[in-house]
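Please look over the sequence and the model shown here before reading on. The report is written for someone meeting this structure for the first time.

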Amino acid sequence: TGEFGVIIVFRPKCFDCGTIAHEASHAAGYIFHYIGCDMDAGEPTAYLIGWIADCCWKIKRHDKNTFVNTPVLAQSGQSE
């Protein structure tokens, strides 16, 4: 279908800032690989990693309403 997504799973004891940043960089790498871009893109890479880390942080804080307009994250909330 051409649809793509990245799932990040955190254990409660490992849901800290460093782990979020680490996993966000992996997720960005998967996305860049999927679209055929090099991770050495500088600002776009930094922006994507920051956006992913921010999404993870919002999940940690339970701000689920902030993802209403984000299809992948809104869809994942349907199973609750």
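The sections below take up the overall fold, the surface and the cysteines.

## Overall fold

This is a predicted model, and the secondary structure of its chain comes to three helices and zero strands. Read from the N terminus on, the elements follow the order α-α-α.

Of the 80 residues of the chain, 19% count as buried.

## Surface

The chain exposes about 6,100 Å², and carbon and sulfur atoms supply 58% of that area. On this surface, Phe4, Tyr30, Tyr34 and Ile35 form a nonpolar patch, whose accessible area comes to about 440 Å² together.

One of the patch residues, Tyr34, has its place in helix 1, which covers residues 17-35. Tyr34 counts as partly exposed, because its relative accessibility is 43% and that class lies between the 20% limit for buried and the 50% limit for exposed.

## Cysteines

A disulfide is a covalent bond between the sulfur atoms of two cysteines. The structure holds zero disulfides. Cys55, for instance, is in no disulfide, and the nearest cysteine sulfur, which belongs to Cys56, is 6.9 Å away, whereas a disulfide would need the two sulfur atoms to be within 2.5 Å.

Cys55 is buried, with a relative accessible area of 10%, while Cys17 is exposed, with a relative accessible area of 58%.

Note on methods:
Residues are numbered from 1 along each chain as its sequence is written. This is a predicted model: local features need pLDDT of at least 70, side-chain atom pairs count only at pLDDT 80 or more; totals for chains, interfaces and linings use all residues. Side-chain values use heavy atoms; hydrogens and water are left out. Buried means under 20% relative accessible area, exposed over 50%, partly exposed in between (1.4 Å probe, protein chains only). Helices (H or I, at least four residues) and strands (E, at least two) are DSSP runs, numbered from the N terminus. Accessible areas come from the Shrake-Rupley method with a 1.4 Å probe; for residues, only the protein chains shown count as cover. Patches are made of residues with over 30% relative accessible area and no salt bridge: like charges are joined within 9 Å, nonpolar side chains (Val, Leu, Ile, Met, Phe, Trp, Tyr) within 5 Å. A salt bridge is a side-chain nitrogen of Lys or Arg within 4 Å of a carboxyl oxygen of Asp or Glu.
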